[in-house]
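Here is a friendly tour of the structure shown below. Have a look at the chains before reading on.

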Amino acid sequence: MTRYAIIRSVVGHVVSAVLMLWLGVSAVGQLGSRPVQRLRRMDFLGVVPVWTFFAPNPATGDVYLVYRDDKNRRWTEIHVRRPRRPWLAAIWNPDRRAAKALFDIAAELTKVSRDSQNQDAVQLSVPYLALLGFVGAHASREPAAAATQFMLLSDHGLEKGSDPVPVFVSHWHTL
Amino acid sequence: MKTDKSRRRTLDTVERLAAVSTLIASLELLARPRIHDDANLMSWQVSQLRSRRLLRGPIGRVFAHLLAIRMFRALLAFRVLGSLGLILGIVSGWKARAVKTTMAVSAFPVTLRSPYGWDGADQMSAITSVTLAARSWLPEIEPAVQRFFALQLCLSYLASGVAKANSPEWRSGSALTGIAGTEMYGNEEFYRWLQRHPSLAVLATRGVIVAECAFPLVLIAPRRLRHAILLCGILFHAVVARMMGLNTFFWSFVAVYPALENYCRSRETEIEEKGLARE
């Protein structure tokens with residue numbers, strides 16, 4: 001056996017072991033315990049998958065983003081998703097990213113807001129800043145506006161028996 | 001020898017099917033380019049604030065270049081061309097290895113750019129592309145790659161089933177109707193149908209839990225039952241794509257099915273051969 005073949009064989013065994021380790025870490029990563037979840041926050045690349053699709057809390061409502069400015073106090077919706085998904089979405093669905101992004105941001109922001117002792121610190125959280133930047137780009141289209149505020153609302157989807165309820169209201173921000 | 005050949009062919013099929021998922025996902029991101037702008041929901045400028053490591057030091061500098069909007073779009077364009085090359089089989093040898101490696105290296109940074117907007121399909125796609133890139137350099141790890149795919153797929157359904165079994169909404173049977181009633185993942189006709197048949201809605205919701213938890217039985221089931229389970233799994237993904245609009249979920253998960261089937265088949269053959277040797 002040549003030296004090259006030996007090296008290849010050793011590397012092959014190491015990579016195979018890494019794959020099994022990855023599988024083991026993936027299995028442990030599914031546990032909801034606090035230490036595991038704390039470690040998961042360090043996994044920025046998302047190497048450890050989350051296989052808990054739509055569980056434990058399924059998305060049973062829609063999220064809406066509205067904003068207003070100091071010149072026009074009426075809330076205006078920023079339409080992030082289409083009200084009806086086209087039939088072709090089973091094959092081609094580019095709009096799902098924006099809808100999912102808004103849903104993820106809303107979920108994280110309400111969690112941060114609920115868990116935080118200092119509500120001012122929420123303004124420095126990543127989901128808050130993501131929404132603020134997004135709303136700011138829309139609100140600044142009103143030439144006379146000097147400040148803006150945004151709100152997240154949630155409803156029960158197609159069951160439109162009741163109006164959407166506010167789940168988060170931001171501070172006022174200078175444009 | 002025969003097993004090696006069939007495993008190689010199987011992993012080539014996995015590669016092609018997974019490339020379809022990458023192709024669609026990358027084209028969709030390019031079709032909505034504004035969502036990654038600095039003032040949009042998947043802004044890198046904001047999401048890099050998650051960690052100092054993403055902002056400073058050598059790693060921060062690499063990401064700053066790699067994930068800047070123009071470079072990011074170029075990366076997506078490369079992923080489109082790379083997946084097309086793999087699907088059509090027009091790249092081979094060192095060029096194919098280079099393409100697969102670049103696609104694997106770029107798989108996680110694409111999702112790193114923003115923590116929002118991704119789903120399980122993107123995770124499975126990244127896992128598949130990294131593992132298949134490693135296989136292109138080291139064909140001797142093919143048995144481990146096939147086993148990894150088979151077990152990761154079983155783990156995904158099992159974890160999902162257990163998480164649902166722990167959820168009061170899923171256990172009560174209301175989750176499916178709730179999801180079907182949303183604009184984001186719902187479907188009005190399906191929602192109305194579930195509302196008209198509440199007992200079937202409960203049965204279907206609990207059925208999803210049982211089916212996902214029981215999926216790993218595929219590893220020990222006899223051939224016919226195994227094929228029935230796999231067929232149900234493929235149908236499930238097709239229904240999810242149609243009803244919920246999760247199109248890449250179909251491709252990225254179904255891509256790994258051939259690896260699971262071939263893994264089970266080769267284990268079956270091994271057991272049969274051992275039995276014959278004993279006789």
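## Chain B at a glance

What percentage of the 279 residues of chain B count as buried? In this predicted model, the share of buried residues in chain B is 44%. The chain is built with 15 helices and zero strands, and its C-alpha trace spans about 60 × 55 × 35 Å along the principal axes.

Among the contacts in chain B with a separation of 6 or more, 72% are between residues 24 or more positions apart.

Where they touch, domain 1 of chain B contributes 24 residues and domain 2 of chain B contributes 23 residues.

On the domain 1 side of that contact, helix 1 (2-31) and helix 7 (120-137) of chain B each provide at least two residues. Helix 1 of chain B has the largest share, with 14 residues. Sorted by class, this side of domain 1 of chain B holds eleven nonpolar, nine polar and four charged residues.

## Where chain A meets chain B

Between the chains, 57 residues of chain A are in contact with 60 residues of chain B. On the chain A side, the elements giving two or more residues are helix 1 (3-29), helix 3 (96-115) and helix 4 (126-139) of chain A. Helix 3 of chain A gives the most, with ten residues.

Terms used: Residues are numbered from 1 along each chain as its sequence is written. Chains are lettered from A and ligands numbered from 1 in the order in which they are written. This is a predicted model: local features need pLDDT of at least 70, side-chain atom pairs count only at pLDDT 80 or more; totals for chains, interfaces and linings use all residues. Two residues are in contact if their C-beta atoms, placed from the backbone, lie within 7 Å. Helices (H or I, at least four residues) and strands (E, at least two) are DSSP runs, numbered from the N terminus. A residue is buried if 20 or more other C-beta atoms lie within 10 Å of its own, exposed if 12 or fewer, and partly exposed in between; C-beta atoms are placed from the backbone. Ala, Val, Leu, Ile, Met, Phe, Trp, Tyr, Cys and Pro count as nonpolar, Asp, Glu, Lys and Arg as charged, and the others, Gly among them, as polar.
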